[in-house]
Amino acid sequence: MPSTTSAATAVPATGSVRPRPWAAVLVLAAATFSVVTTEMLPVGLLTPLADGLRVSAGTAGLAVTLPGLVAAASAPLLPVAARRADRRTVLCALLLLLTAANLLSALAPHIAVLLLARALVGVCIGGVWAIAAGLGTRLMPPHRAGRATALIFSGIAVASVLGVPAGTFLGSLAGWRWTFVALAGVTLAVTAALFLVLPPLSPDTPVGPGTFARLLRTPGVGRSLLAVALLVTGHFAAYTYVRPVLDRVPDLGAGTVSTLLLGYGLAGVAGTFAGGALAARDPRRALLLVAAGLGTVVLLLIPAAASPAASTALLVLWGLDYGGVSVSAQSRLSAAAPGAREAGSALFAGIFNTAIALGAFTGGRTADALGPTAVLGVGGALALLAVPVVLSAGTRRPDPAGGAAPRERA
């Protein structure tokens, strides 16, 4: 099995070092930006999309829900199906499928056709995250792997800050169909760039049907995934309903709330890189701090509801904390199972997307029954439950030579 800890192993067939590893990482970030923007774009186009297809807003909302559910199922399945395929080829194929799905969305004459296209988007989301999430450690030497992983994951935050708002703006000018056409063009350009700058990559370790069961028995992996499930469910239970929560803060108009959400997104970009820097040194501590910080901040928003200044500061801190979730969790899983990074990424992507759907569902039921403020209590409590789970898991520190140090107990 080839080593996966340095750029020198990125091209197993020749053993040569790619001269542009940072370019490859940047294009992978563009790929994650493309899939997340495609996933979330209907959020900003929901009303015109529903009107154009003559369906209710609730029915049109399936265009947001369906890709996440399909991604959760496809993330662990795709590495098994493509177990021996070159990872550059697989990623390019997935992005071409994403391009086709966006074009099909633009041409959809009926909601059923749109949902078919969105199901294809879900396959792409799960597959891209399962493969791309762990490539930072293959393209870069250990001392740069954390920064590379953070850059790959920064596509999530940049999609929220730039991608979705830009798509929404274009939709208001030219219509929602042309927005999907434009996104198809972006995705096609990213595909071409990915083919040009990403080196051929053999599978890290071929993933078979029994790989995931063995991985879950690896010390630290199961509990780390449980922590991710709690943390992401808690976050989305609260964040899905952050707008009605902010609307209750005195002296915050609609324009101010939009600005605050932009500040949240920018803080998320910063948090991704801060989390990546910390995770490069100690991924378990990074995940622990993120969980404790996010849960605490969300709960503090309840008593801060009467203060615009306190609510603003806490929202920015929330974005900073959440920005570190993906990169710290991915780094934690890579450290816990250094010989099965792709399988770990696949499980991570599956759990993450399932938790998004579960969080939105939990938040909705809580908001309907108890009001939006109660959503903060539920979300914050779930996030804080991740803290003892992380503490109870062992830690495995990355070794500069490429292996892993013996497992330690908390």
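Colleague: What is the mean pLDDT of the protein? And which residues in α7 meet α15?

Modeller: Happy to! This is a predicted model, in which local features need pLDDT of at least 70 and side-chain atom pairs count only at pLDDT 80 or more, while totals for chains, interfaces and linings use all residues. Residues are numbered from 1 along each chain as its sequence is written, and side-chain values use heavy atoms, leaving out hydrogens and water.

The mean pLDDT (the predictor's confidence in each residue, from 0 to 100) is 82, and 89% of the residues reach 70 or more. Residues 1-18 have pLDDT below 50, as do residues 396-410.

Now to your helices (DSSP runs of H or I, at least four residues, numbered from the N terminus). Helix α7, residues 142-174, packs against helix α15, residues 325-336, at about 140°, with axes 9 Å apart. Axes here are lines fitted to C-alpha atoms over the stretch in contact, and angles run from 0 to 180 degrees between N-to-C directions. That makes the pair oblique, the class left once angles under 35 degrees (roughly parallel), over 145 (roughly antiparallel) and 65 to 115 (roughly perpendicular) are taken out.

On the α7 side, Thr149, Ala150, Phe153 and Ile156 meet Ser326, Val327, Gln330 and Ser331 of α15; contact means heavy atoms within 4.5 Å. By class, this contact has four nonpolar, four polar and no charged residues. Nonpolar covers Ala, Val, Leu, Ile, Met, Phe, Trp, Tyr, Cys and Pro, charged covers Asp, Glu, Lys and Arg, and the others, Gly among them, are polar. An α-helix has 3.6 residues a turn, so residues three or four places apart point the same way.

Terms used
Helices (H or I, at least four residues) and strands (E, at least two) are DSSP runs, numbered from the N terminus.
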